[in-house]
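The structure comes first, then the details.

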Protein chains: 2
Amino acid sequence: MPTNHIIVLDNRPTGETSASNFKLITAETPALKEGQVLVRHHYLSLDPYMRGRMNDGKNYAQPQALGEVMIGGTVGEVIESKHPEFTVGQTVQCMGGWQEYSVINANLPGALKPVNAGKISISHFLGAVGMPGVTAWYGLVKIIQAKPGATVTVSAASGAVGSAYGTLAKARGFRVVGIAGGKAKCDYVVNELGFDACIDYKVHKDYISLSKALKDACPNGIDGHFENVGGMVLDAVMLRANDFARIAVCGMIAGYNGEPLVMTNPTLILKSRMTIEGFIVSEHMEVWPEALAELADLVASGQLKPRETVAQGLASAPEAFMGLLKGKNFGKQLVKLI
Amino acid sequence: MPTNHIIVLDNRPTGETSASNFKLITAETPALKEGQVLVRHHYLSLDPYMRGRMNDGKNYAQPQALGEVMIGGTVGEVIESKHPEFTVGQTVQCMGGWQEYSVINANLPGALKPVNAGKISISHFLGAVGMPGVTAWYGLVKIIQAKPGATVTVSAASGAVGSAYGTLAKARGFRVVGIAGGKAKCDYVVNELGFDACIDYKVHKDYISLSKALKDACPNGIDGHFENVGGMVLDAVMLRANDFARIAVCGMIAGYNGEPLVMTNPTLILKSRMTIEGFIVSEHMEVWPEALAELADLVASGQLKPRETVAQGLASAPEAFMGLLKGKNFGKQLVKLI
């Protein structure tokens, strides 16, 4: 059995995450039992939700356990199988974690998913045609439920979720305005993803200023918003929200480090009769097949050109993750493990 | 034609409302045209929404115009009619405003509603069997949508909306916990309305302290909340909200005077996958018949014993209204005009 390298959570961050919160360890992969499959990971996905799990206390899921392999989505190949439905060489997706190999009990429903990549790079099954893409789909289709002619917005627009959201929204004929950090990201959002406009939040010192830019970009106001960030961005959007606007809250990355993150004008919820709904896509597995089929079509046809930032080797994961939390990545953040 | 006394909005408040914002004027009631009805008001309803209308700028409705009669719901009797469906002596309800008489165009759908009071005091058609009651019904039934065994909460629990909400919720078998200001109101909420518990927010200096009291009163957490107040109360409730909790936002009286009113922990929307929805009941007229029928039954049977604070005479309306905004009333605030 091959030797495995594993990154575990060694201690919980107080404030910003640092490299010392993680520990790289080595272990032999165990012999397989009946029903198990040994997967060699090609790509590991890094996602903002992981930061929430690193905290103790209330969260939408169990906190990441100390001393255990960091949670994470992976795509790779079967290198040994004691399950009749999986064969060596097959491409698969699983929650393999921050490690090079994982042993998966393939009898658990959904634990190991075959990937039929066709012309699509397998890395995209961790992004546009994976959890981030379905997240965008669920927020747009099931929560925002925009009507024809609507204007919809999204923060972290150049990321894995934001780029899928914008492409899905354009395919439905909506006006789509992104919010992202820096000129390069905004240019990509408009020029390569086809958003109608993108606002660089970094040039705005407060939410009032950002909301003025939103007013220019959304002359008919905002009917639906997908929130990945929170804080000043959400405050600015709420100020421009139309009556009966609907806001899907997927992330509040601005608050993950524990700094105060208030909503400045909650009275707007009443004044504009808004609906604000938080969600986590893994609680809505029933939509995945429909969403993934639509996302795969958009990628295969070239309408959705997912951007990726790829770190090399497992040891680079902590630094890449810290960069992700600061917006240093551009598009989907991955770690290539092979 | 009788002489009418009218209270108009003379100027807009900056911060707290004061008596000098209003002006009492006298005018003759005009001769009726075809289709019009002259109504003598017996009771005027005072409601928190009026404070929002007194501000200029964004609101869910047109601002109250300066120099015009203050908006308000009324119940009274027809004293002259040029409409075939209304006869002198009939009890009716209308948006008559802060005045003793109003001329209503009865051809406008819903402008003038016959009241079949039976054993119910006509004043209740401005409260439990009127707009406040339907507001409570809509929030509980259509937004909160609580499931059997749920715990639901409400702020301003002893008020017209809160008391109807609690009674409706008890009739449906939920655990109901109120939040109100002062021991007398809390005693009424528990002893006369039948809430399971009521918390006096005035003995808590911050939302953390209030949330601890909520934890004791809601050992299984909070599944649904009806918000009339906002601020510290909403912050405390959100801290105790269960996964998939639903919050109906009907009022944020704490923010009507323009003081800063933030939501302290919006990340809880995500962590608990909450839905927060603002609404105004006049936009959902389709539910009124069903809601009013249920509310009338509860009042007629004595299950709902609405409490009222009644000011005497039109001239007392401004002071009574300012008291309402500070929670000095106990139950539904009315002005008796006859």
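Which strands and helices of chain A do the buried residues of H6(A) pack against? They pack against strand E8 (151–155), strand E9 (175–180), helix H5 (207–217), strand E11 (222–227), strand E12 (241–249) and helix H7 (267–271) of chain A.

This is a predicted model: local features need pLDDT of at least 70, side-chain atom pairs need pLDDT 80 or more, and totals for chains, interfaces and linings use all residues. Residues are numbered from 1 along each chain as its sequence is written, while chains are lettered from A and ligands numbered from 1 in written order.

Helices (H or I, at least four residues) and strands (E, at least two) are DSSP runs, numbered from the N terminus. A residue is buried if 20 or more other C-beta atoms, placed from the backbone, lie within 10 Å of its own. Nine of the nine residues of H6(A), 232–240, are buried, so the helix is largely enclosed by the rest of the structure. Among them are A:Asp235 and A:Arg240.

Domain bounds come from an automatic or database assignment. Two residues are in contact if their C-beta atoms, placed from the backbone, lie within 7 Å.

| Domain of chain A | Residue range |
|---|---|
| Domain 1 | residues 3–127 + 306–336 |
| Domain 2 | residues 131–282 |

The domain centres, over C-alpha atoms, are 28 Å apart. In the contact, 15 residues of domain 1 meet 16 residues of domain 2.

Between chains, 26 residues from chain B touch 26 residues from chain A. Helix H7 (267–271) and strand E13 (275–278) of chain B each supply at least two residues of chain B's side. Strands pair if DSSP finds at least two bridges between them. E13(A) and E13(B) pair in the antiparallel sense over three bridges. There, A:Ile276 stands opposite B:Ile276.

Definitions and conventions. A residue is buried if 20 or more other C-beta atoms lie within 10 Å of its own, exposed if 12 or fewer, and partly exposed in between; C-beta atoms are placed from the backbone.
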